[in-house]
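Have the sequence and the structure open as you read.

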Amino acid sequence: MELNYKRMKTIAAATWKSPSNIAIIKYWGKKKNQIPENPSLSFTLSKCFTETSVSLVPKETKSDELQLQFYFDKKENIAFRLRLLNFFASIQKDFKFLNDYGLVIHSANSFPHSSGIASSASSYSALAAALCDIETQLSNKKASSEKQLLADAKWIKRTSYFSRIGSGSACRSLFPYASVWGETDAVKNSSDEYGIGAENLLHKDFKTLCDSILIASSREKVVSSRVGHSLMKGHPFAKTRYKQAESNLENLLPALKAGDWETFGNIAENEAMTLHALMMCSNPSFILMNAHTLSMIESIRSFRNSSKIPVYFTLDAGPNVHLLYPKSYAKKVLEFADYELSGLCEDGKMIHDFTGNGIEKVK
Ligand code: PMV
């Protein structure tokens, strides 16, 4: 049914901006309801973000059916709407207002849709923040400021929890600098159900970590993360992998605290290669790197060896390479990237990102 929302009064509204994040310890393999098989740790990015506004409008018909209009980049997007309906079906019992009102959602990314950058972390966290903000407005009968909401530990947990229901890694995008998700003895207050901020675990040099994303291909991912995670069910190396993630995290934590880039970088690369190796020997098998990814990796390692500059890489479940380095070396690394790596990027595309502050309310 087409709803004429333009004529409708807005009951409550909220707009939030949320960044993408890059995992150093990877989440790969999950139990029911996006409960991770192992803890993960990520850095929060800045430039790659989603901005989402949610408006509550009166329902046109009296039924419990969700009424939703979804606009992406100002155009109505039916395919995204259908995906979102599954998310809303799983959270409808938790947000009573979804039964009582219709929703109009506008969303846009700061990065092009076809840049090969996964937007699920930024988009679900921005959406969850807007929904939790509206819920608070309705229960307090007035809007809260960004400061009030971000200082409310329960609100953050709830927002991270519902971000996770949308996409596991989204629950880590809320926090300044870095986040840990997944229960582990190595990190106090860690939980399988939501991410926690990890700023206190970082040496100051890691707070200005740079991440230049080298776009080896902007095509849609060959394997969705849903399929990817499911490949870990019955994977011959699953148990070993989950143990390895725990021990990589245990070894990473002192390095993050000490500002030890070498240990950090070795672990980051080991995690990235493990993720891809797991996919290569899954059943069915997938190769998500392309020839340019491999050339970039070789070039980064050889530049590191010859220059002694602490520049490392990580990979997501796709061919793009994330170049990780301290801000103090940015000038030299960017020269190297322009000279040696841009030719391996699709149309020379690179996004020079860096750590950021997490979710923000947009006025
Ligand atoms: O959040 P998902 O289901 O899209 O899975 C993310 C998986 C990786 O990006 C490969 C790793 C991670 O921890 O972010």
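Predicted model: local features only at pLDDT ≥ 70, side-chain atom pairs only at ≥ 80, totals over all residues.

## The cysteines

How many disulfides does the model have? The count comes to zero. Take Cys48: the nearest cysteine sulfur belongs to Cys210 and is 13 Å away. A disulfide calls for two cysteine sulfur atoms within 2.5 Å, so the sulfur of Cys210, with its closest cysteine sulfur in Cys48 at 13 Å, is too far away for a bond.

Are these two cysteines buried or exposed? Cys48 is buried, at a relative accessible area of 1%. Cys210 is buried as well, with a value of 8%.

## A threonine in a loop

Thr184 sits in the loop that runs between strand S8 (178-181) and strand S9 (195-197).

What does Thr184 touch? Leaving aside residues up to four places away in sequence, its contacts are Pro39, Ser190, Glu246 and Leu249.

## Helix H8

Helix H8 covers residues 261-280, which makes 20 residues. From first C-alpha to last, H8 reaches 28 Å, close to the 28 Å expected at 1.5 Å a residue.

Look also at the start of H8, where Asp260 places a side-chain oxygen within 3.2 Å of the backbone nitrogen of Glu262.

Definitions and conventions: Residues numbered from 1 in each chain as written. Heavy atoms only, no water. Helix = DSSP H or I, 4+ residues; strand = E, 2+ residues; numbered from the N terminus. Expected span 1.5 Å × (residues − 1). Polar contact = N/O pair within 3.5 Å; in protein donor to acceptor, adjacent residues only side chain to side chain. Buried < 20%, exposed > 50% of the residue type's maximum accessible area, 1.4 Å probe, protein only. Contact = heavy atoms within 4.5 Å.
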